[in-house]
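Trainee: Could we go through a structure together, slowly, so that I learn how to read one?
Mentor: Gladly, and here is the one to look at.

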Amino acid sequence: MTARLFRLNAGSPSPLVLTAFLIALLAGLPVASVGFNLFQGGTSETWSHLTATVLPEYIGNSLALCLGVGLGVAVIGVMTAWLTAMHDFPGRKVFEWALVLPLAMPAYVMAYVYTDFLQFVGPVQTSLREFFEWRRGDYYFPDIRTLPGAMLMFVFVLYPYVYLLARTAFLERAGGVLEAARTLGIGPWRAFFTISLPLARPAVAAGVALALMETLADYGTVAYFAVNTFTTGIYRAWFSLGDRIASAQLAAILLGFVLMLVAVERITRGRARYHNTSQRHRPPAARLQRGAGLLAMLACALPLTLGFLLPALLLLRMAFGDGDSQFGERFITLARNSFTLAGSTALVAVILAVLLAYSARLTKTMLSRALNRLVGLGYAVPGTVIAVGVLIPVTRLDNWLAAQWQAWFGSNPGLLLTGGIAALIYAYLVRFLAVALQTVEASLSKITPSMDDAARSLGLGQGSTLRRVHVPILRGSLFTAGLLVFVDVMKELPATLVMRPFNFDTLATQTYVLASDERLTEASTAALAIVAVGLLPLIALSRQISRHRK
């Protein structure tokens with residue numbers, strides 16, 4: 001029975017399945033390493049110290065962040081999705097695609113920008129003091145570098161996850177039902193709460209789950225705002241306390257939070273199925289009158305402005321107005337490092353995704369689907385957890401290789417893998433291979449199996465069919481998959497901070513280091529470059545939304 005799982009439908013052994021099994025094993029190794037170290041002993045003193053001092057704070061802050069961010073992204077995402085999907089008001093055609101732009105703004109970048117904008121010597125408080133002739137102590141101004149401030153940063157950056165999924169649900173699931181509700185005299189507000197929102201609940205839950213996973217995975221924002229969470233604790237345990245097992249145990253608890261979110265999302269979605277997605281069943285958008293139309297425009301403009309337009313303008317002002325002394329040869333080096341890591345990871349991720357997806361297409365076994373789902377779980381695991389999970393086995397392998405080299409050649413070569421970019425790219429692949437795999441799987445499923453049969457009838461083997469038939473058809477999707485991975489790697493901060501080689505910085509790490517030293521103007525150019533790269537896939541998504549509307 002087991003042997004059959006590794007065979008093709010025709011009965012011949014499948015190297016593709018064996019390759020897919022090896023890829024999935026390597027992708028799951030870091031998570032397994034974290035889980036294994038959860039039960040390791042030898043760190044009772046460190047762990048006792050953590051549980052007695054900071055662990056309750058980690059748990060409390062993480063839960064508070066999840067509660068605040070989940071509520072915020074749900075309200076803003078659902079509200080903007082409902083307005084743009086079901087109503088017509090001034091600026092609606094622009095807001096339909098522009099509301100996704102905050103996804104290009106990493107939360108840690110926005111945290112740095114708003115700190116500079118709202119601090120005591122920033123333009124807001126300076127203008128207030130000049131206008132009202134206030135001095136220090138004459139007024140109260142809330143501090144943005146707090147737990148509520150971190151919540152706001154995440155909410156305005158991550159609400160597009162809910163917006164995209166909820167808007168699709170409103171357009172495709174509620175059309176015909178809303179028409180029937182109108183004929184029964186049900187008003188728009190009652191129809192929203194009793195029909196549209198319940199039908200969109202699985203989509204909203206999925207969007208909230210994605211936003212919360214990103215929140216739990218963040219390091220730059222919470223570290224800069226001095227909000228102690230599991231990601232800051234993992235980093236501190238590894239570098240300050242020098243205890244890999246304690247950091248792995250914290251990582252395992254954080255992983256438990258993430259798996260709980262995945263389970264809640266799956267339970268919420270349940271066995272729900274929705275059909276009736278034809279365009280003709282979508283009712284025409286209701287035209288809002290002047291007052292209501294203005295309120296709808298303001299409701300959509302506020303999150304867009306706070307989540308993208310204002311931070312982008314402030315970055316441009318700092319970069320071009322105040323000047324960035326780091327711009328020049330240093331910036332070119334940082335950009336080259338970032339593009340090298342992102343490009344290499346994207347290329348390898350696309351190749352591995354094609355192998356995994358094509359293996360599942362050929363074998364059509366439960367094992368192939370399970371392997372792809374295992375690889376897909378990597379995107380739900382925070383970068384800090386993956387970094388710890390990669391460093392533990394890779395360091396052990398490095399030490400073993402060094403010992404063998406010492407025994408064979410009489411010299412110690414040092415760490416061969418841990419000190420280079422190979423381990424960092426491995427961590428990126430574990431984290432973002434799922435992004436490429438989902439894109440390739442979706443496109444490959446649209447190619448009719450009859451093309452495979454025709455290729456085989458012409459004498460083409462599996463490899464030749466993939467190379468000469470499928471890859472040319474998938475060229476656009478492969479580029480999209482690579483672009484998504486490229487952008488994700490450019491923005492990734494926690495894993496890069498933990499695993500980057502000595503004296504090897506990227507745009508993301510340079511932005512974090514300079515901002516942590518309160519050198520926000522010098523960090524502006526690197527941050528602006530990250531945002532500009534992040535806009536690339538969003539431009540393609542915006543064009544798709546515009547075509548979908550037409």
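This is a predicted model: local features need pLDDT of at least 70, side-chain atom pairs count only at pLDDT 80 or more; totals for chains, interfaces and linings use all residues.

Trainee: Okay, how many salt bridges does a search of the whole structure find?
Mentor: The search turns up seven salt bridges. One of them joins the side chains of Glu96 and Arg167, with 3.1 Å from N to O.

Trainee: Where do Glu96 and Arg167 lie?
Mentor: Glu96 belongs to helix 5 (residues 92–98) and Arg167 to helix 8 (residues 147–173), so this pair ties together parts that are 71 residues apart in sequence.

Trainee: And is Glu96 buried or exposed?
Mentor: Glu96 is buried, since its relative accessible area is 1%, and Arg167 also counts as buried, at 8% relative accessibility.

Trainee: What about Arg317, which residue does it form a salt bridge with?
Mentor: The partner of Arg317 is Asp116, and their closest N and O atoms are 3.9 Å apart. Arg317 sits in helix 14 (residues 290–322) while Asp116 sits in helix 6 (residues 107–118), so the pair links parts that are 201 residues apart in sequence. Arg317 is partly exposed, with a relative accessible area of 36%, whereas Asp116 is buried at 16%.

Trainee: Which residues do salt bridges that share partners join into one network?
Mentor: That network is made of Arg92, Glu96 and Arg167.

Trainee: Changing topic, which residues touch the most other members in the largest nonpolar core?
Mentor: They are Phe170, Leu315 and Met499, in a core of 170 residues. Helix 8 gives the most to this core, with 16 residues.

Trainee: What is Leu315 in contact with?
Mentor: Leaving aside its neighbours within four places in sequence, Leu315 is in contact with Met105, Val109, Val113, Ser524, Ala527, Leu528 and Val531.

Trainee: Now Val489, where is that one found?
Mentor: Val489 is part of helix 21 (residues 475–491), and it is buried, with a relative accessible area of 5%. If residues up to four places away in sequence are not counted, Val489 touches Leu341, Ala342, Thr345, Tyr428 and Phe432. The C-alpha atoms of Val489 and Arg431 are separated by 9.2 Å, although the two residues are 58 residues apart along the chain.

Trainee: Which are the buried residues of helix 16?
Mentor: In helix 16 (residues 366–376) the buried residues are Leu367, Ser368, Leu371, Asn372 and Val375. They cover an arc of only 135° around the axis, which puts them on the same side of helix 16.

Trainee: Why would residues three or four places apart point the same way?
Mentor: An α-helix has 3.6 residues a turn, so residues with that spacing point the same way.

Trainee: Last one, which residues make the nonpolar surface patch of about 440 Å²?
Mentor: Phe21, Leu22, Leu25, Leu26 and Leu29 make that patch. Leu29 is found in helix 2 (residues 15–37), and with 37% relative accessibility it counts as partly exposed.

How values were computed
Residues are numbered from 1 along each chain as its sequence is written. Side-chain values use heavy atoms; hydrogens and water are left out. Patches are made of residues with over 30% relative accessible area and no salt bridge: like charges are joined within 9 Å, nonpolar side chains (Val, Leu, Ile, Met, Phe, Trp, Tyr) within 5 Å. Accessible areas come from the Shrake-Rupley method with a 1.4 Å probe; for residues, only the protein chains shown count as cover. A salt bridge is a side-chain nitrogen of Lys or Arg within 4 Å of a carboxyl oxygen of Asp or Glu. Helices (H or I, at least four residues) and strands (E, at least two) are DSSP runs, numbered from the N terminus. Buried means under 20% relative accessible area, exposed over 50%, partly exposed in between (1.4 Å probe, protein chains only). Contact means heavy atoms within 4.5 Å. The arc is that of the directions from the helix axis to the C-beta atoms. A nonpolar core is a set of buried Ala, Val, Leu, Ile, Met, Phe, Trp, Tyr and Cys residues joined through side-chain atoms within 4.5 Å.
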